[in-house]
Amino acid sequence: MLKKMGVLPKILKMDNLKSGVIKSERYEPDFNTLLLQLADHYSIVLKAARPRKPKDKPSVENSVLQVYRNVYARVRDQKFDNLKALNRAIVDLIDEFNLKNFQGKDHSRYDLFQEERKQMQLITGQPFELIQQSSAKVQNDYHAFLGADKHKYSVPYQYYKQQVSIQFTDTLVRIYNSRNECIATHARVRIPHKHSTIDDHMPPAHKAYNEQLQRSGAYYLQMAEQMGCHTKNYMSKLLKSKNYEQLAYDSCKGLLSLRRSFSAEQIEKACERLSEVDVYSYKPVKNLLKKWMKESFWMGGVVPPSASSTKTPTCHSNLR
């Protein structure tokens, strides 16, 4: 109705119908949740007529009578093949009824509405969408299950095992905590048995693991470049050595992890040495570095001491 009028009234007054008023009361009636959502979306004040007081709405009662006489009475004996054809006939008769002048007057209901329209506000913003509600308990994987779609939506991991309220429209899903604070917003997805996850909702460990899964060869080459050109060249050939690049990611990860035990200069020297023998893997680099550490041999021209240059210990009881 509001869409057809194109404008919004400031006050919406209705009869005490059950689909609109849950509990009738003279001063503070309880309205249907959907009706409250509609009023809040369009900034309309809701009011209800007093119970058993038809004089509160005499013009409405008379309009219903006139619609029955001018619309319903004219279509009740006709046959329609489908609901769309019936609705089209009703709309045409209502338009004709509204354009018809009042008896003994030179204006119609449509003319009066055009005057009232000037006092109304235009419909702006997004059209109203039906908001449905559901409740759920946040599961071990920090997701709340929406039964309507059999789909899971993530919430911040701190709300694990807490009860939450879910409000959803045709396009949007909002999740609220026990204090009625919105803690998550998702685009609605109707694919059953799937997850909609926002990275910021993950625990730090899960987030780090997820970032690892999303890394590509370009990421590993970028990290290797910070250590030196030989390391980057070695990692580039390591990525190309596999039938599928993804198979080399773990080896690249291991190569980067050597930085925790060895310097970039040492890793550079090892990659340069192994490139000469055309060996591309994580373990050879690791083994070579460990061997050098054991022999106390590093780049820079330091030569391991020979056996002849070592000093023989003096004789003592422990000597074999």
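A cavity here is a set of points, on a 1 Å grid over the protein atoms alone, where a 1.4 Å probe fits but cannot get out, and its lining residues have an atom within 4 Å of a point. Volume is the space filled by probe spheres set on the points, which are joined across faces, edges and corners.

This is a predicted model: local features need pLDDT of at least 70, side-chain atom pairs count only at pLDDT 80 or more, and totals for chains, interfaces and linings use all residues. Residues are numbered from 1 along each chain as its sequence is written, and side-chain values use heavy atoms, with hydrogens and water left out.

The count is 1 cavity of 30 Å³ or more. The volume of the largest cavity is about 30 Å³. Its lining consists of Asn16, Glu25, Arg26, Pro29, Ala48, Ala49, Arg50 and Pro51.

Next, the sheet. Four strands form an open sheet in the order β7-β10-β11-β12, paired antiparallel; strands are DSSP runs of E, at least two residues, numbered from the N terminus, and two of them pair if DSSP finds at least two bridges between them. β7 (132-137) and β12 (182-187) are the edges, each with a single partner strand, so one side of each has no neighbour in the sheet. Between β10 (residues 163-168) and β11 (residues 172-176) there are 4 bridges. Ser165 has Tyr176 in β11 as its bridge partner.

Last, Arg188, in the loop between β12 and β13 (195-196). Arg188 counts as buried because its relative accessibility is 14%, the limit being under 20% relative accessible area with a 1.4 Å probe, protein chains only. A polar atom of the Arg188 side chain lies 2.9 Å from the backbone oxygen of Thr169.

Terms used. 1 Å grid on protein atoms, 1.4 Å probe; cavity = no way out; pocket = protein on both sides within 12 Å on 5 of 7 lines; lining within 4 Å. Buried < 20%, exposed > 50% of the residue type's maximum accessible area, 1.4 Å probe, protein only. Polar contact = N/O pair within 3.5 Å; in protein donor to acceptor, adjacent residues only side chain to side chain.
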